[in-house]
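Dear colleague,

Please find below the sequence and the structure that I am handing over to you. My notes on what was found in it follow directly after.

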Amino acid sequence: MKDILIEKAYDLARERYAALGIDTDQTLRTLQRISLSLHCWQADDVTGFESAGTLTGGIQATGNYPGKARNIDELRADICKAASLIPGIHRLNLHEIYGEFKGGFVDRDQVEPGHFEGWMQWAQEKGMKLDFNSTSFSHPKSGYLSLANPDAGIRDFWVEHTIRCRAIAEEMGRRQGDACIMNLWVHDGSKDITVNRMKYREWLKDSLDRIFACEYEHMKDSVESKVFGIGLESYTVGSNDFYIGYAAQHNKIVTLDTGHFHPTESVADKVSSLLLFVPELMLHVSRPVRWDSDHVTIMNDETLDLCKEIVRCDALDRVHIGLDYFDASINRIGAYVIGSRATQKCLLQALLEPVDTLREYEAVGMGFERLALLEECKSLPWNAVWDMFCLKNGVPVGVEFISVVEDYERQELSKRA
């Protein structure tokens, strides 16, 4: 009976949107092709399996909700459970510290593709493709500076680490038959006043030049900026200006993390500017509360504006969408599902926007009509289209996923000490 109600609601929604020239069936097919890159670190609070050390480098996970993944098997089980509640086929984004080191210590300048063989096999079995990240934080040689460190030996260590991570990403991309995007973010900065800004950036630029010296066929490089990190509030070496300049000069992807900018900046507004100068964009979608707090993504104005801008720029094939939040204060699987589905809901609303009509209004100065239509679109029955998307993908519709997550907590998460 419930399926029938969903189908009836969808039929009515299809008629409403058809009146505006929107084919909802085509919209569903388009949304089906959009894969999110799910972040592995939500299930274990960015701990990884390299060591039992604490987080450093401006990274902080707050909360101690029970059920944190303690090993790779539990992490993979959690990812599978979350993916089963998210409509569509999605990717998995791994950090280097999530390698299979089999209880031994492998320093980061020694990591190899073999340490991710298990992940590549698992991903193939699950039909998931992989993305990758180098990891510069939470290491004895991290300190405040890594690739921009005045100590040439420490710089060399992190350069070698990142070179090896690119080789791992290349192997992942080759094995899966689809380019693996490797994101490079380092926390380098200073807590207090810095008088040698130029020199640190020269060191960072030189490190990047060495890292990217080798050209690869099956991976893509992305560089990510930040305003500041916790404990590094006064100066960030890899600022937005630095990485935009570097990426534009070297034809690299720019990563935009929605939490890495000043609270009044519009990340959506950056999309059209950057796409004129760089080949592609990578998004790390989170919800900043009082800046980069990495709260679970919700369907708010910022995320909706970002998705609308991607669609309005006709850039779905040039913008990759990943998630980057970690909340240890609530059920971690639930956090996965809420943030992923919220992002997809925003994408759906963007795809259902009558862009052609709005552009026509704008082209001839019909400002009233443009604003009126934008406002009316807010109350159109997009949620009926979303329910049909979930139904077609065989995942829980509406609030049904809540009880599934609660059951998983009782059966699995509660057993983890």
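Strand β10 is largely enclosed by the rest of the structure, because four of its five residues are buried; buried means under 20% relative accessible area, exposed means over 50%, and partly exposed lies in between, with a 1.4 Å probe and protein chains only. Helices (H or I, at least four residues) and strands (E, at least two) are DSSP runs, numbered from the N terminus.

Please note that this is a predicted model, in which local features need pLDDT of at least 70 and side-chain atom pairs count only at pLDDT 80 or more, while totals for chains, interfaces and linings use all residues. Residues are numbered from 1 along each chain as its sequence is written, and side-chain values use heavy atoms, with hydrogens and water left out.

Strand β10 pairs on two sides. Two bridges join it to strand β1 (residues 36-39), and the two strands run parallel; two strands pair if DSSP finds at least two bridges between them. Ser37 has Gly322 in β10 as its bridge partner. Five bridges join β9 to β10, again in parallel, and Val285 stands opposite Leu323 in β10.

These pairings belong to a barrel into which eight strands close, in the order β1-β2-β3-β4-β6-β8-β9-β10, with parallel pairing. From one strand to the next, the twist averages 30°; axes are lines fitted to C-alpha atoms, for helices over the stretch in contact, and angles run from 0 to 180 degrees between N-to-C directions. Helix α9 (residues 301-312) packs on the sheet, where it touches β9 and β10 (319-323), and its direction makes about 160° with that of β9. Contact means heavy atoms within 4.5 Å.

**Strand β8 and its neighbours**

Strand β8 (residues 253-257) is mostly covered, with five of its five residues buried. Ile253, Thr255 and Asp257 point one way from β8, whereas Val254 and Leu256 point the other way. Strand β6 (residues 219-224) pairs with β8 in the parallel sense over three bridges, and Glu224 stands opposite Thr255. Four bridges join β8 to strand β9 (residues 281-285), also in parallel; there, Asp257 stands opposite His284.

Two crossovers involve β9. A right-handed β-α-β unit is made by β8, helix α8 (residues 268-275) and β9, and another right-handed unit of this kind by β9, α9 and β10. A crossover is right-handed if, with the strands pointing away from the viewer, the path from the first strand over the helix to the second runs clockwise.

What length should helix α6 span? At 1.5 Å a residue, its 15 residues (197-211) should span 21 Å, and its end C-alpha atoms are 21 Å apart, which agrees; the expected span is 1.5 Å times one less than the number of residues. The buried residues of α6 are Tyr200, Trp203, Leu204, Ser207, Leu208 and Ile211. Seen down the axis of α6, they fall within an arc of 135°, so they line one face of the helix; the arc is that of the directions from the helix axis to the C-beta atoms. Their cover includes α5 (152-176), β4 (180-184), β7 (235-236) and α7 (240-250).

In α7, the buried residues are Asn240, Phe242, Tyr243, Tyr246 and Ala247. Viewed down the axis of α7, these fall within an arc of 160°, so they too line one face of their helix. The face turned away from the buried side carries the exposed residues Asp241 and Gln249. Among the elements that cover the buried residues of α7 are β4, α6, β6, β8 and α8. Just after α7, Asn251 takes a positive phi of about 60°.

**Individual residues**

Gln349 lies in helix α10 (residues 332-351) and is buried, with a relative accessible area of 15%. Leaving aside neighbours within four places in sequence, Gln349 is in contact with Met299, Leu304 and Trp382.

Ser138, in the loop between β3 and α5, has a positive phi of about 55° although it is not a glycine. Arg290, in the loop between β9 and α9, has a positive phi near 55° and is likewise not a glycine. Ser138 is buried at a relative accessible area of 19%, whereas Arg290 counts as exposed at 80% relative accessibility.

With kind regards
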